[in-house]
Amino acid sequence: MSRLVDDGFIYLDTDGTTLRWRRDRFEAADTRYSDLADLCDVGQLSVIDGKVVIWEFPVEALRAFKEVKIATYLFEGSPMCAYLKTHGFDVNIEKFGNLPQEIKHLVTVVQDKKLNEVGDNRTALSQNDLCNKKNGLDILRKNLNTFFKSRYKTKTKDRLWTTYKPVSRQVSGGAHAQQWLFCGAKATNDWCDTSHVAYLVNIHLRPMLVKLMAAKGYDIDQDIFAVSEMAQFIWRSRIRKGEPIVVYVPSSRMRGLLIDWLDGKFN
């Protein structure tokens, strides 16, 4: 890619992020660069910090419809919302259903200093912290076991937990592997009878995606995004049936967001 830029075949558009192909310098048809040139022609490739190239969903595919409806939760904190606004779409958000404060009495958030101290730092339990730095994995394994077996004496069928997949085996220690679920899981009812949920992550968007949206003039609220991901995961449990649950969230940031959400601060 850098060679193509240096040779003048690819250039940055006036927005400072979108890559464009110079057909007058090199007609790429019938070459190995033809697909790349086509993507540049329709503005689907953006570059951040001069080194990371991001593909965008073709905006013309959406403009082909009179109206598009997206069913999700807290859409205003999603990358998709930012994407639509950067391309000038009118976004009308309709909210319906129960409010968090209506089910607050059914949710017990674990407030235990010893179990939670592994997440005291605001960046603790982020993907970088756990997967790259390997911080706190042994502590999380012990805490997960304590939460499920010692503190609440749950049965296997009562348990649901998550952390990032690359470290899930190390955190599980082999004891709770079958009760692990991907932290971004949605639209599954397989866990609707579980009563105890351990949410061992600190959710952030990929920095380059945040930078791209900011460069295009739209800042994503990462707290709203994190609340949306967490609430939808917790909703896999039996809370969806109106039954009480216990939630262990050691990350101080995520736990604070969960409490704020239950208090109605993100309505």
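Which residues lie nearest the centre of the largest pocket? They are Ile70, Ala71, Thr72, Glu94 and Phe96. The model is predicted. The chain has 267 residues, with 12 helices and 8 strands.

**The chain as a whole**

- The C-alpha trace spans about 70 × 40 × 30 Å along its principal axes.
- Of the 267 residues, 45% count as buried.
- The accessible surface comes to about 14800 Å². Carbon and sulfur atoms account for 49% of that surface.
- Take the contacts between residues at least 6 apart in sequence: 67% of them join residues at least 24 apart.

**The largest pocket**

- This pocket holds about 1300 Å³ of space.
- Its lining is made up of 35 residues.
- By class, the lining has 21 nonpolar, 6 polar and 8 charged residues.

**The second largest pocket**

- The volume here is about 770 Å³.
- The lining has 31 residues. Closest to the centre are Ile203, His204, Leu205, Arg206 and Phe225.
- At least two lining residues come from each of α4, α7 (127-132), α10 (207-215) and α11.
- Which element gives the most to this lining? Helix α11 does, with 4 residues.
- The lining divides into 15 nonpolar, 13 polar and 3 charged residues.

**Helix α12 and its cover**

- Helix α12 runs over residues 252-262.
- Its buried residues are Arg253, Met254, Arg255, Leu257, Leu258, Trp261 and Leu262. Two arginines, Arg253 and Arg255, are therefore on the buried list, since buried means under 20% relative accessible area.
- What covers these buried residues includes the helices α5, α6 (113-116) and α11. The strands β5 (107-109), β7 (196-199) and β8 (245-248) are also among the cover.
- Just after α12 comes Gly264, which takes a positive phi of about 85 degrees.

- Most residues other than glycine have a negative phi. Two residues, Leu74 and Lys153, are set out here against that background.
- Leu74 has a phi near 50 degrees, a positive value in a residue other than glycine. It sits in the loop between α3 (59-63) and α4.
- Is Leu74 buried or exposed? Leu74 counts as buried because its relative accessibility is 8%, and the cut-off for buried is under 20%.
- Lys153 also has a positive phi, near 50 degrees. Its place is the loop between α8 (137-151) and β6 (159-162).
- Lys153 is exposed, because its relative accessible area is 65% and exposed means over 50%.

**A buried glutamine in a loop**

- Gln179 is found in the loop between α9 (165-172) and β7.
- Its relative accessibility is 7%, so Gln179 counts as buried.
- What is Gln179 in contact with, leaving aside its neighbours within four places in sequence? The partners are Thr156, Arg159, Leu160, Trp161 and Trp191.

Methods:
Residues are numbered from 1 along each chain as its sequence is written. This is a predicted model: local features need pLDDT of at least 70, side-chain atom pairs count only at pLDDT 80 or more; totals for chains, interfaces and linings use all residues. Side-chain values use heavy atoms; hydrogens and water are left out. On a 1 Å grid over the protein atoms alone, a cavity is a set of points where a 1.4 Å probe fits but cannot get out, and a pocket is an open set with protein on both sides within 12 Å along at least five of seven lines; lining residues have an atom within 4 Å of a point. Grid points are joined across faces, edges and corners, and a volume is the space filled by probe spheres set on the points. Ala, Val, Leu, Ile, Met, Phe, Trp, Tyr, Cys and Pro count as nonpolar, Asp, Glu, Lys and Arg as charged, and the others, Gly among them, as polar. Buried means under 20% relative accessible area, exposed over 50%, partly exposed in between (1.4 Å probe, protein chains only). Contact means heavy atoms within 4.5 Å. Accessible areas come from the Shrake-Rupley method with a 1.4 Å probe; for residues, only the protein chains shown count as cover.
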